[in-house]
Amino acid sequence: MKVLSLGGAGAVCQHATRDLAEFSDFDEIVIGDYNVAAAEKLAAEIGDPRLRVLKVDANDYDGLVKTFKDFDVILNGLPWKYDEVVTEACVEAGVNGLDVSTEETQWDYDAAAKEKGIVFIPGVGATPGITNVMARRAADQLDEVDDIQINFAAFRCPAPAPGLLITFLWEFHPKTEGRVYYKDGEFHWVGPFEGLKTVNFPGPIGEQEVCYIPHPEVRTMPKSLGAKAVSVHGCFPPHAMRLAKAMLESGLYSEEKITVKGIETTAYEMMYELLLRLPQSKETPLWAYGLVVEVYGKRDGRDVKITLWNRHPPMEEWGGPAAYYKNIGIPLSIGAQMIARGDVKVKGVVPPETAIDPDIFFAELHKRRIEIHERVEEYHVIA
């Protein structure tokens, strides 16, 4: 079988490519990237004879469809702006795939994917991704799911790569429409830095203040897991949170046209370009990824709280930034391998909690030294 690691030499997806080489049974692993030099360098570093490099232009839709037809699984690690086009191309080519991020329009291809007999899973990273499967694990133990609270701490610098900088800025943009939580049968929009609460993330991250973050788990879990309430709270390192808040308070998210030294631009565009180039925006004292998922519900008439959290090797062992990136790239690789082995039984464009078996997924994470811990608490009245 053949897998295409699309964007496979990038900051995040290179770790999916490395994992495919170390753990997968694919006969051929192809790094599909526009940056051929970076892809060739990565292939040489890994040194697996199954690896080869293919130049892929994600802006060429017809070229994508033609290329995809030669593969069994498409693993997409490109920036989120390509989510929809890659999904559409997989459906047209009739090839299974999965994605590191999620775009709302991807779900529109569900019926067409079912007709083609394929599966495409958006959002198989850390969050969305691991958190979805955590919630599924908890929901499977309950008769009723009352509330799913997802919390993450993405400890990385603000601008390690263009796509990750866009993600950072988007999550705190005052006009981001997807910043919602679900409760009482409705989605409720909230502004940036609302819903502040403190969460303790085991390991070096520790106790952090988190706020509402726009994530797709809120959109999918009311239907997929029957949850009555769903929310996602998150944070970045303290210095990054201060930066985002300062930008918000200073009007630096504004997209109104201004002229600076004869050049028409916006405050937002200027901040993006500045942060992308400043060395300080590529630095952080701690690289790590913390996940805590709390699920409340009922079992046998009793109130139950199930908490799941992750642990992974420290940055000193995993090589600095890799302690963040591996938590995203490794789940993507595992998902591709599960599809290839036939562990994913559903068809269509479906979220991770619908497609991925928690027992298999967590066992695979454990092989890579990403541990998922669980605590189950039951409450009842003594009578």
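The model is predicted: local features need pLDDT of at least 70, side-chain atom pairs count only at pLDDT 80 or more, and totals for chains, interfaces and linings use all residues. Residues are numbered from 1 along each chain as its sequence is written, and side-chain values use heavy atoms, with hydrogens and water left out.

**Overall build**

- The chain has 14 helices and 18 strands. Helices (H or I, at least four residues) and strands (E, at least two) are DSSP runs, numbered from the N terminus.
- The radius of gyration is 21 Å, which agrees with the value near 21 Å for a compact globule of 383 residues. This radius is taken over C-alpha atoms, and the globule rule is 2.2 Å times the number of residues to the power 0.38.
- Along the principal axes, the C-alpha atoms fill a box of roughly 70 × 55 × 45 Å.

**Burial**

- Of the 383 residues, 55% count as buried. Buried means under 20% relative accessible area, exposed over 50%, and partly exposed in between (1.4 Å probe, protein chains only). The areas come from the Shrake-Rupley method.
- Helix α6 (residues 130-139) is mostly covered, with nine of its ten residues buried. Among them are I130, V133, M134 and R136.
- R137 is partly exposed, at a relative accessible area of 28%.

**Salt bridges**

- The count comes to 24 salt bridges. Each is a side-chain nitrogen of Lys or Arg within 4 Å of a carboxyl oxygen of Asp or Glu.
- R137 and D359 meet in a salt bridge at 3.4 Å, N to O. The pair links distant parts of the chain, helix α6 and helix α14 (residues 358-367), 222 residues apart. D359 counts as exposed, at 51% relative accessibility.
- E378 and R302 form another salt bridge, their closest N and O atoms being 2.8 Å apart. E378 is in strand β18 (residues 371-379) and R302 in strand β16 (residues 302-311), 76 residues apart. E378 is partly exposed at 35% relative accessibility, and R302 is partly exposed at 35%.
- The side chains of R341 and D343 meet in a salt bridge at 2.7 Å, N to O. Salt bridges that share partners join D19, R341, D343, E364, K367 and R368 into one network. R341 is partly exposed, with a relative accessible area of 42%.

**Negative surface patch**

- D57, D60, D62, E84, E88, E92, E104 and D108 gather in a patch of negative charge on the surface. Patch residues have over 30% relative accessible area and no salt bridge; like charges are joined within 9 Å, nonpolar side chains (Val, Leu, Ile, Met, Phe, Trp, Tyr) within 5 Å.
- Helix α4 (residues 83-93) gives the largest share of the patch, three residues.
- D60 is in the loop between β3 (51-55) and α3 (61-68). D60 is partly exposed, with a relative accessible area of 36%.

**Backbone features**

- The peptide bond from T127 to P128 is cis, with omega near 0 degrees. P128 lies in the loop between β6 (119-121) and α6.
- D184 has a positive phi, near 55 degrees, and is not a glycine. The loop between β8 (180-183) and β9 (186-189) holds D184, which is exposed at a relative accessible area of 66%.
- R369, also not a glycine, has a positive phi of about 75 degrees. R369 sits in the loop between α14 and β18 and is partly exposed at 45% relative accessible area.

Notes: Accessible areas come from the Shrake-Rupley method with a 1.4 Å probe; for residues, only the protein chains shown count as cover. Lys and Arg count as positive and Asp and Glu as negative; His and the chain ends are not counted. The place of a charge is taken as NZ of Lys, CZ of Arg, CG of Asp or CD of Glu.
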